[in-house]
Amino acid sequence: LENMETQRIRIARIAAAALAAASLVAASLAAAAPAAGTAAFGPSNPFYAQSSLPFRAPPFDKIRGEDYRPAIEAGMAQELAQMRRIAANPEAPTFENTFVAMERSGELLARALSAFRGVSEANTNSTLQAAKSALAPELAAHEDAIRLDPKLFRRIAAIYDKRGTLKLDAQSLRLVEVVHDQFVHSGANLSDRGSGSAMEPG
C-alpha cells in the first residue's frame, strides 16, 4: 500500500498538470482570436449587448445556432480578464473587492451560456451539437483557470479565515463559504503550493 506521503505527491502532481493545462487554455482564450469555423464576436451577434426584452430574456428570434459559440468564448475571455484584475488587486482583500467583484464578473458568459444550455437541451441540431462538443473542454479548462489561480484563492482564503469577525449577513457569509469550498474541492489548496497563476501564463 502507498503511504500518505506518496499519495500526497501523486495528488500534487495531478494538480500541477491540471494547472499547466489551464494556463495554456487561458492563454489561448485571452488571445481573442476566433476559433476555426466560428464567426468573430461583434455587434452583429445578438449576445453582444444586453437584451432589451422583459427580464432581459434572450432574443431567440434573432439568435442563430452559430452565434452561441463565439459569444461564449468571448464571455470566457472577458471573465478571465475580470478575475485576473481581482486577483492582482494591490489592496487588501475585502468582501466587496473580492467576492462582490467576482459575483459581478462574467455577465456575458452567463447570459450566453444560459441561453445555449436551454436551447441545446430542448431543441438541438447539428450546429448546436458541434458547438457543445467544442465548448465542453474549453469550459472545463476555463473553470480550472479561475479556481486553480493561487493569487485569487489567497484573497478568498484570507476573507474566509476571518469571516466570523466581518459581521456579514447570512447570505454573504454563505457566499464566502460556498465559493471557498468550491475552490478547495477543485484543488486550489494544492495549486497554491506552486508559484504563478493559472490566469497569468509565464
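Predicted model: local features only at pLDDT ≥ 70, side-chain atom pairs only at ≥ 80, totals over all residues.
Apart from its neighbours within four places in sequence, H180 is in contact with F153, I156, A157 and Y160. This histidine has its place in helix α7, and it counts as buried because its relative accessibility is 10%, which is under the 20% cut-off.

## The overall picture

Let us step back and look at the whole chain. The protein chain contains 8 helices and 0 strands, so the pattern read along the sequence is simply α-α-α-α-α-α-α-α. Of the 202 residues in the protein chain, 39% are buried. The accessible surface of the chain comes to about 11500 Å², and carbon and sulfur atoms account for 55% of that surface.

Contacts tell you how the chain folds back on itself. Take the contacts between residues at least 6 apart in sequence: 79% of them join residues at least 24 apart.

## Two helices that cross

Helix α7 also meets another helix. Two packed helices are described by the angle between their axes and the distance between the axes. The axes of helix α3 (residues 95–104) and helix α7 (residues 170–185) come within 11 Å and cross at roughly 75 degrees. That angle makes α3 roughly perpendicular to α7, because angles of 65 to 115 degrees fall in that class.

Which residues in α3 and α7 meet? On the α3 side they are F95, F99, M102 and E103, and on the α7 side they are S172, L175, V176, V179 and F183.

## A buried asparagine in a loop

Now turn to the loop between α1 (4–30) and α2 (68–87), where N45 lies. Is N45 buried or exposed? N45 is buried, since its relative accessible area is 4%. The side chain of N45 reaches the backbone oxygen of D67 at a distance of 3.0 Å. Leaving aside neighbours within four places in sequence, the residues in contact with N45 are D67, P70 and A71.

## Salt bridges

The structure holds 7 salt bridges.

| Salt bridge | N to O distance |
|---|---|
| R64 and E66 | 3.5 Å |
| E73 and R69 | 3.0 Å |
| R111 and E107 | 2.2 Å |

Let us take these pairs in turn, beginning with the pair in helix α2. E73 and R69 are separated by about one helical turn, because they are 4 residues apart in that helix. Both E73 and R69 are buried.

The pair R111 and E107 sits in helix α4 (residues 107–122). These two residues are also 4 residues apart, so about one helical turn separates them. How accessible are the two partners? R111 counts as buried, at 18% relative accessibility, whereas E107 is partly exposed, with a relative accessible area of 33%.

Salt bridges that share partners join R64, E66 and D67 into one network.

## Residues out in the loops

Some loop residues are exposed. One of these is E91, placed in the loop between α2 and α3. E91 counts as exposed because its relative accessibility is 52%, and the cut-off for exposed is over 50%. Even so, E91 has partners: leaving aside neighbours within four places in sequence, it is in contact with N97 and R155.

Two further loop residues deserve a look at their backbone angles. R56 is found in the loop between α1 and α2, and its phi is near 55 degrees, a positive value in a residue other than glycine. At 59% relative accessibility, R56 counts as exposed.

K167 is found in the loop between α6 (150–161) and α7. Its phi is likewise near 55 degrees, again a positive value in a residue other than glycine. Is K167 buried or exposed? K167 is exposed, with a relative accessible area of 82%.

Notes:
Residues numbered from 1 in each chain as written. Heavy atoms only, no water. Buried < 20%, exposed > 50% of the residue type's maximum accessible area, 1.4 Å probe, protein only. Polar contact = N/O pair within 3.5 Å; in protein donor to acceptor, adjacent residues only side chain to side chain. Contact = heavy atoms within 4.5 Å. Areas by Shrake-Rupley, 256 points an atom, 1.4 Å probe, with all protein chains shown as cover. Salt bridge = Lys/Arg side-chain N within 4 Å of Asp/Glu carboxyl O. Axes fitted to C-alpha atoms, helices over the stretch in contact; angles between N-to-C directions. Parallel < 35°, antiparallel > 145°, perpendicular 65-115°, else oblique.
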